[in-house]
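Hi,

Here is the structure I promised to pass on. Have a look at it first, and my notes follow below.

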Amino acid sequence: MQLTANHGEWGRLDVTLDDLGCDRSWAEIHRVRGVELTCPECGGQVHARLSKLNTRHFYHRAKPPSCSLANESLEHHLLKLELVTCARAAGFQAELEVAAPAGDWRADVMVFSPDGLRLMALEAQLSPITVQDIAARTALYERDGVQVCWFGFRPRPWVGAVPTLLVQAPEDRGQAWTVTAGLARLSTRPMNWSPVRAALRDAVAWMLTGRILPHQPLSSARRVTHEDNSYEWAEGWIRSWNDMWRLWWTASTYADLDAECAREEAETRRRRQAQEENAAWRQAVEDKEKERKKAAKDRAYAAFWSRTGLDQRQWKYFWGLAELFFALDLIFGAPDSRYGDGRPVYERGGPDGTQWMLVGVACPDPRRLRAWAEELALLVPSHRDLDTLANRAWAPFQVYVLNPDTGEMYQERVLPAPVVL
């Protein structure tokens, strides 16, 4: 069943138009002998007739197996007829089965702009087709400056890969065709796309007048869901959970809002990345400083062990003798240049043991004694160290000898050597 034919003199005939599109009447071709009509696709002879429902159409006397117009299903025929009716109802000139000048595409319905240029192809796609093939056919239209929308009845792998509307025919005469998938609106609280139900006639009018356009989501909102967040037609409904529509029809205001949300998200990501990079830089600086301090501390400890001649075992005993002698909970700091490269000694106190009070210096370098030596107790591991400090004293020093090898513990107040005149 097809709706167009060619006449040798009159040109192209369209039975959906009262004048057949060429200032002729149905009576001039229906059951009229001598009228030669041919198929626009295969060139075979066709004839005009009425269906049981009194629908005008053309038919091949001998149906060619390779002619798509001759083998068009009733569903395809009805959808195509509805599409051309919707376009004309919107005030546009629309023709059926219009071929490209080069012959590499044939539109089911071609809608023309007021200046007569091809505006949009409305394609009923009911037979199986791959995503690659329908994308290639869409590219041919785009090459020739023609927009296109593909219409179907049920989910297919290609829907949403190209501009798509799924539609539903009315159950009863007089009811309207409806759009079941392919239209969506965007909300921002929370941000998500939600499905829009509409009459097919309205949707066609909106797309022809530019009120809706095919839009590929730019922001993080990539699904079309109901208010309860259940999936509608944008994901998980074809063959696998990963199948999803990549674009859908929406109003330009929603497309602009989506683009603005995408810009804000990009700016948020940029700021977050800058913050992370800045934090990483600060962390790198801190790590480098920690490494520097650790290296300096390691060098200070190495110099301390070398200068004092103590090892870790002896130091453990030295520490224990100090706590036993003073009857205090003591903490020994790292070798500190402020205290002659000796280790500051702290008394740990307070209710939770976090309050430290400086009470002495362990094993300072006698050559680097300063004023603090007059006020703080000096802890040394041997009498020899005591003698060395005594030779350096310029004021009274309080010195404690804690020998880790013998367990000897005693204190002595060292006085400066008398000045010889």
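Predicted model: local features only at pLDDT ≥ 70, side-chain atom pairs only at ≥ 80, totals over all residues.

**What I found**

Ala-48 has Phe-58 in β5 as its bridge partner. That contact belongs to an antiparallel pairing of strand β4 (residues 45-50) with β5, made over five bridges. I count strands as paired if DSSP finds at least two bridges between them, and the helices (H or I, at least four residues) and strands (E, at least two) are DSSP runs numbered from the N terminus.

Residues are numbered from 1 along each chain as its sequence is written, and side-chain values use heavy atoms, with hydrogens and water left out.

**The sheet**

β4 and β5 belong to an open sheet of five strands, in the order β2-β1-β3-β4-β5, with antiparallel pairing. At its edges stand β2 (11-14) and β5 (56-60), each with a single partner strand, so one side of each has no neighbour in the sheet.

**Salt bridges**

There are 15 salt bridges in the structure (a side-chain nitrogen of Lys or Arg within 4 Å of a carboxyl oxygen of Asp or Glu). One of them pairs Arg-12 with Glu-95, with the closest N and O atoms 3.6 Å apart. Arg-12 is in strand β2 and Glu-95 in strand β6, so this pair ties together parts 83 residues apart in sequence. Arg-12 is partly exposed, at 26% relative accessibility, and Glu-95 is partly exposed too, at 23%. For the cut-offs, buried is under 20% relative accessible area, exposed is over 50%, and partly exposed is in between (1.4 Å probe, protein chains only).

Asp-14 is buried at 1% relative accessibility, whereas Arg-88 is partly exposed at 22%.

Then there is Glu-97 with Lys-80, where the closest N and O atoms are 2.8 Å apart. Glu-97 sits in strand β6 and Lys-80 in helix α1, so the pair ties together parts 17 residues apart in sequence. Both Glu-97 and Lys-80 are buried.

**Helix α1 and the cores**

Helix α1 (residues 74-89) has 16 residues and spans 22 Å from first to last C-alpha, close to the 22 Å expected at 1.5 Å a residue (the expected span being 1.5 Å times one less than the number of residues). Its buried residues include His-76, His-77, Leu-79, Leu-83 and Cys-86. Among the elements that cover them are β6 (93-99), β7 (106-112), β8 (118-124) and α3 (200-208). Just after the helix, Gly-91 takes a positive phi of about 95°.

Which residues does Val-84 touch, leaving aside its neighbours within four places in sequence? They are Ala-94, Leu-96 and Val-109, where contact means heavy atoms within 4.5 Å. Val-84 is found in α1 and is buried, at 0% relative accessibility. Val-84 and Val-109 are 25 residues apart in sequence but 5.9 Å apart in space, C-alpha to C-alpha.

The largest nonpolar core has 49 residues, and Leu-122, Phe-151 and Met-207 have the most contacts inside it. By core I mean a set of buried Ala, Val, Leu, Ile, Met, Phe, Trp, Tyr and Cys residues joined through side-chain atoms within 4.5 Å. Elements giving two or more residues to this core are β4, α1, β6, β7, β8, β9, β10 and α3. Beyond its neighbours within four places in sequence, Phe-151 contacts residues including Leu-79, Leu-83, Leu-122, Val-204 and Met-207. Apart from this core lies another, of 25 residues, among them Ala-100, Ala-107, Ile-129 and Val-146.

**Around β20**

Strand β19 (residues 355-362) runs parallel to β20, joined by three bridges. Ala-377 and Leu-379 point one way from β20 (residues 377-380), Leu-378 and Val-380 the other, and all are buried.
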